[in-house]
Amino acid sequence: MISLILVAHSKMITDGLKHMIDGMANNNNVTAISAGGMENGAFGTNPITIYDAIIAESESEKILIFTDLGSAVLSAEMAIDMLTSEVQSKVSLVDAPLVEGAFITAVQITDLNNLDDVIAEVEEM
């Protein structure tokens with residue numbers, strides 16, 4: 001299983017993207033997790049929310065994080081820094097557009113054998 005952690009400044013964006021991936025990607029090898037917005041519904045990103053999402057998916061073979069804006073990247077990096085080295089080894093922060101990158105990844109990953117090719121493709125977008 002490959003987990004996609006979706007991080008944006010609005011929970012509505014990551015909830016909507018998760019809904020789209022769950023409904024359209026039709027890929028049993030991938031699960032999407034919404035980790036956007038702040039706990040009180042405000043705009044922003046929270047490293048603890050991202051950390052909790054990663055820990056919840058720590059049994060996955062690989063965990064890919066997709067973000068929207070610069071501070072979302074910083075929050076994701078802070079969350080990764082809090083992980084054990086074992087979990088960190090499974091996590092990659094993907095430098096691709098949030099919606100297009102996460103959706104295409106969810107559609108195209110079949111297993112770990114093509115993961116690097118898919119990531120390279122979406123990072124060129």
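**Entry 1: strand 1.** I noted at the start that this is a predicted model. I began with strand 1 (2-7) and checked its burial; six of its six residues are buried. I then sorted the residues by direction. Ile-2, Leu-4 and Leu-6 point one way, while Ser-3, Ile-5 and Val-7 point the other way. Residues of both sets are buried here.

**Entry 2: the neighbours of strand 1.** Which strands pair with strand 1, and in what sense? Strand 2 pairs with strand 1 in the parallel sense, over five bridges. I picked Ile-5 and found that its bridge partner in strand 2 is Ile-33. Between these two strands the chain passes through helix 1, and the β-α-β crossover is right-handed. Strand 3 also runs parallel to strand 1, and six bridges join the two. On the strand 3 side, I looked up two partners: Ser-3 is bridged to Ile-63, and Leu-6 stands opposite Phe-66.

**Entry 3: strand 3.** I repeated the burial check for strand 3 (62-67). Six of its six residues are buried, so the rest of the structure largely encloses this strand. One side carries Lys-62, Leu-64 and Phe-66, the other Ile-63, Ile-65 and Thr-67, and both faces are covered. I noted that Lys-62 is among the buried residues. Strand 3 pairs with strand 4 as well, in the parallel sense, over three bridges. Ile-65 has Leu-93 as its bridge partner in strand 4.

**Entry 4: the cores.** Which residues of the largest nonpolar core touch the most other members? The core has 22 residues, and the answer is Leu-4, Leu-6, Ile-21, Leu-64, Phe-66, Val-94 and Ile-109. Two or more residues each come from strand 1, helix 1 (11-24), strand 2, strand 3, helix 5 and helix 6. There is also a second, separate core of 16 residues, with Ile-5, Ile-50, Ala-53 and Ile-65 among its members.

**Entry 5: Ile-21 and Ala-102.** I listed the contacts of Ile-21, leaving out residues up to four places away in sequence. They are Leu-4, Leu-6, Asn-26, Ala-32, Ala-102, Phe-103 and Ala-106. I followed one of these, Ala-102, which is found in helix 5. Its relative accessibility is 0%, so Ala-102 counts as buried. With the same exclusion of up to four places in sequence, Ala-102 touches Leu-4, Leu-6, Leu-17, Ile-21, Phe-66 and Pro-97. I also took a C-alpha distance: Ala-102 and Met-20 are 82 residues apart in sequence and 10 Å apart in space.

**Entry 6: helix 6.** Which residues of helix 6 (115-123) are buried? I found Leu-115, Val-118, Ile-119 and Val-122. Their arc around the axis is only 95 degrees, so these residues sit on the same side of helix 6. The buried residues pack against strand 1, strand 3 and helix 5 (98-108).

**Entry 7: helix 2.** In helix 2 (47-56), Pro-47, Ile-50, Ala-53 and Ile-54 are buried. They fall within an arc of 125 degrees seen down the axis, so they line one face of helix 2. Their cover includes strand 1, strand 2, strand 3, helix 3 (70-81), helix 4 (85-88) and strand 4 (91-93). At the N-terminal end I found Asn-46 as the cap, with a side-chain oxygen 2.8 Å from the backbone nitrogen of Ile-48.

**Entry 8: Thr-45.** Is Thr-45 buried or exposed? With a relative accessible area of 11%, Thr-45 is buried, although it lies in the loop between strand 2 (30-34) and helix 2. Its side chain makes a polar contact of 2.7 Å with the side chain of Ser-75. Beyond four places in sequence, Thr-45 touches Val-7, Ala-8, His-9, Gly-37, Met-38, Ser-71, Ala-72 and Ser-75.

Conventions. Residues are numbered from 1 along each chain as its sequence is written. This is a predicted model: local features need pLDDT of at least 70, side-chain atom pairs count only at pLDDT 80 or more; totals for chains, interfaces and linings use all residues. Side-chain values use heavy atoms; hydrogens and water are left out. Helices (H or I, at least four residues) and strands (E, at least two) are DSSP runs, numbered from the N terminus. Buried means under 20% relative accessible area, exposed over 50%, partly exposed in between (1.4 Å probe, protein chains only). A polar contact is a pair of N or O atoms within 3.5 Å; within protein, one must be able to donate a hydrogen and the other to accept it, and residues adjacent in sequence count only if both atoms are side-chain atoms. Contact means heavy atoms within 4.5 Å. The arc is that of the directions from the helix axis to the C-beta atoms. A nonpolar core is a set of buried Ala, Val, Leu, Ile, Met, Phe, Trp, Tyr and Cys residues joined through side-chain atoms within 4.5 Å. Two strands pair if DSSP finds at least two bridges between them. A crossover is right-handed if, with the strands pointing away from the viewer, the path from the first strand over the helix to the second runs clockwise.
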